Amino acid sequence: MVTRRNVVHGAIFLITALLATAGIFLQLRAEFLFIVQIILYVGGIMVLFVFVIMLVNLDVALQQIQFARKKWVALLVALALAAQVGLMFWSSGKMPGQGLPVLTAAAAASLPPNSETVAHSLFESYLLPFEIASILLLVAMIGAVVMAKKRT
Amino acid sequence: MELRAVSKAISSFKGKTALSIDTKNDHKTLLGADELVINMGPQHPSTHGVLRVKLKLDGERVIGSECIIGYLHRGVEKIAENRTYQQFAPYVDRMDYVAAVSSGLGYCEAVEKLLVTEAPPRARVIRTILTELQRIASHLLWLGTHALDIGALTPLFYCFREREEILKIFEKYCGARLTTHAFRIGGLQYEAYDTFEKDVERFCKDFESRIVEYETLLTENRIWIGRTKGVGILTAADAVAFGVTGPVLRASGVKWDIRKAAPYAAYDQYKFEIPVGTTGDTYDRYLVRMEEMRQSRLICLQAIENIPAGPIMAKVGKVLKPPPGEVYHAIEAPKGEIGYYIVSDGTVMPYRVHIRPPSFINLQAFDRMVRGHLVADVVAIIGTIDIVLGEVDR
Amino acid sequence: MQATMEFLKLYWAPLLCGVAVVAILPLVAGYIVLVERKLMADMQARLGPMRVGPHGLLQPIADAVKLLIKEDIIPDNADKMVFWLAPVLSVGAALLSLAGLAIGPAFQIAQDINIGILFVVGISAMGIFGIVLGGWASNSHYSLMGALRSSAQLVSYETAAGMALVSALLFTGTLNIKSIVEVQSQEGIWFVMLAPVAFFTYLVASIAETNRAPFDLPEAESELVAGYMTEFSGFRWSLYFLAEYTNMIVVASVATTLFLGGWLRPFAGVPWLNFLDFVPTLLVVAVAAYCLVRAPKQPTRVQQFFMLAVAGLCFVVGLVLVAPVVLPIAKPFYAGIHGGFWFIFKVSLYIYFFMWLRFTIPRYRFDQLMRLGWHFLIPLSIINVLLIGVALIAGSYFNLHGWGLLLVTTPAAVITLVAALLILVAEKERDAGQDPNAASDFYAG
């Protein structure tokens, strides 16, 4: 739920949310995902977000009253969603077989190092999707360069 | 180019004059974005004095500029009408405060022309030596500050180390380092002090290796070349049309130096070259000034070998009343042609003194040189014209 | 409460180390600034700070006190929260990335992270936000432009730096810092020999990453855009400054770990070169001897006394350094003490090179800077990764190890340099054809 008017403040709080997600990854002993989340999301995508915010003049948008009246509806929906998710977690503890599967933390030493696991699966089992994804990214980059080039 | 070629270039110039910032004819920008007018205010680390520059930008490119001067105007020319000829001499030092000796030389020779006298040979030679030392000092200051603007932090200190030696010589000679008032109308007041020749010779002998030091740091440096080559190009035709003089003109390819074209003081006795550039960009102006420092050093070495004996002051009398008339006398100051137009009405005070400052005229070409370049080049171009605001505003 | 006590019992050592580092680092950064000023002065034929304390040694303290007692000016319409947050983000990212580094086999705050190098690089990339938000919060058009330029530069050179690091990581197969140095110890060769082009690329990219000359256009005062730090004064500015010098230390440490052998002595595995173990002691004792010689020549009593004190201190340090080599009781401390010395020595050399470059060459214009990053360094580093990969495969096919790997990596480096030359030639031709400095079309009207 977005509570701040100021877009830059919103971006800062989004950064905080992404860092928190990375923290959750770290707590689940997925350190590679933690650092990749920070490098890509926070260090890459959010930097671009912030760039665009600063290059675009947003004063006009700030003046308009956009969603003030719908604030309470949003709060209600968010609470309903939270209640539903909470119910799922609660029921998975109380009634086995219903709700989410119970996750037990594996012993620390038995987990293989996260980076190696990701690397193995990416380059052995999922090599083709990996290559296709990189070609997709390449196409996107070329498209962006072509679109941004000056028409001379 | 000789005089004839110069005048032909002036008469055949069909270009436009510099326009000031004009929002009515809005330039078609690349992205359709708004143009931006920004102000490099009078207080700025790199405008070499109180110069205000308004830049019209399209993104990062300069599409127009306007220099607003006058922040250092002190009414020097009006003051001249209320001072006697000798009383006015210290004022000319304060215009180009970086090269006071050459401004003083121009003024003294102009008044001597009015009085139809000449300084004695010994005075002329000592004047030449001091003026050439001043040329080296002025170019050293230019080099240090220009390099600093572009980001090279070290040449500044090396240049000031050499300039210190020259200023020591000045101090020993006339007691002052910066606003020297070294010459008098009719010759010199002070005799060359005892170790004058030895000091100058020692400085000149050391100086060659120092120039090599500066060149090692800058001339072949890829970043320096990248920042200065192709930046601020002024074609020969433009330079002549704007009336630009000095190293800026010579770097554009016009071989014009008043020391050779209309020799004054003792310049006709010495052999020296006039360095000329080819493209008229910042790099060429840098090379021309470096070579000029070398040539000045050679002139000094030739001069001190044979300073003629004799009087140092012509017989001009204590009260100077030049016969009514007018004179325009120009010399080659380090920054260009400094000209003195003096009208005398027969009294002890001049009727009118007008000074043609090289920096003021050279600054006109700034707009021509800066259009199409990036903002980061603006500072380099201001530096390369080598302006002193005291001279621009008088 | 119980959980906190258990946590503290397990992790008290790293916590203490962390607190110590955060407490001492401002002092260290201040003295690095003093070293820079003295070096700058030396290269510029002058003396540098001499007044505050003997030979200017108390200058950083004086500067710190001045900055702390300065009035805290916030621009009128500035966003107060972001204005406060921006320097904190910069410093936080810089200090946090220090946690992943290992000065010796025993000194590591965040011990044995599996993703060591990636952690350091990733967290220091977060410092970009401090710059962008600082420029925005200053409510000044020029600061914002400077901040955006600076962050564009940082983002561009991060890619090149990352690829250069990857080239070196190909030799190790792991991101763990201790393992990287161990592999260099096992192979007996530092990665700078095996991947010199990668080292050079990382060197240039790291200069751009830390906003140092010749890439310091966003900070330069002589340019029109005065930079993101303009509106910050007093302590906030010193936080930015601290962040910049901490970034320098981080970047130097990463380069030292990956390329220069971390805490290893040169030729660490070669037994007949063990006399090199005395080099640290000799260096320090030489400094002590120099101070002793210069002491009588000092003009004042205070400075004489001070030189003698420095000589004594260096002598003591020399004794500490020689103890693990000669005394059998102190042998177990060899790795820690000498490792720490060699690491700090290499980091200092790297930082000295940074400073040397700053005083020698002018700065790049922004478009030249970006062109260097995108058109030259990134293709170069990608080609380098490719060729080193090929070289490694060839090496494992022929079962080459250690110095033998040079046989395959040198051709790879040569081919990369040829490719670099070709890129430069192509750029020059494109420049000659285009003439980006043509002013003629802008003068119409």
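Begin by selecting F199(C), Y202(C), F259(C), Y350(C) and F354(C), which ring pairs link into a cluster. Bear in mind throughout that this is a predicted model, and that the count of aromatic pairs over all chains comes to 31.

Next, select F7(C) and Y11(C), whose rings form a tilted pair, with 5.0 Å from centre to centre and 50° between the planes. Both residues belong to helix α1 of chain C, which covers residues 2-43, and they are four residues apart, about one turn of the helix. Colouring by accessibility shows F7(C) as partly exposed, at a relative accessible area of 46%, and Y11(C) as partly exposed too, at 42%.

Move on to F353(C) and W356(C), where the ring centres are 6.1 Å apart and the planes stand at 90°, so this pair is edge-to-face. These two residues lie in helix α13 of chain C, residues 334-360, and are three residues apart, again about one turn of the helix. F353(C) has a relative accessibility of 31% and counts as partly exposed, as does W356(C) with 41%.

The remaining stops concern charges over rings. Select R46(C) together with F157(B): the charged end of R46(C) sits over the ring of F157(B), 4.4 Å from the ring centre. Finally, turn to chain B and select R394(B) with F360(B), where R394(B) lies over the face of F360(B) at 5.2 Å from the centre of the ring.

Note on methods: Residues numbered from 1 in each chain as written. Chains lettered and ligands numbered in written order. Predicted model: local features only at pLDDT ≥ 70, side-chain atom pairs only at ≥ 80, totals over all residues. Heavy atoms only, no water. Phe/Tyr/Trp six-rings, centres within 6.5 Å; stacked < 30°, edge-to-face > 60°. Buried < 20%, exposed > 50% of the residue type's maximum accessible area, 1.4 Å probe, protein only. Lys NZ or Arg CZ within 6 Å of the ring centre and 35° of its normal.
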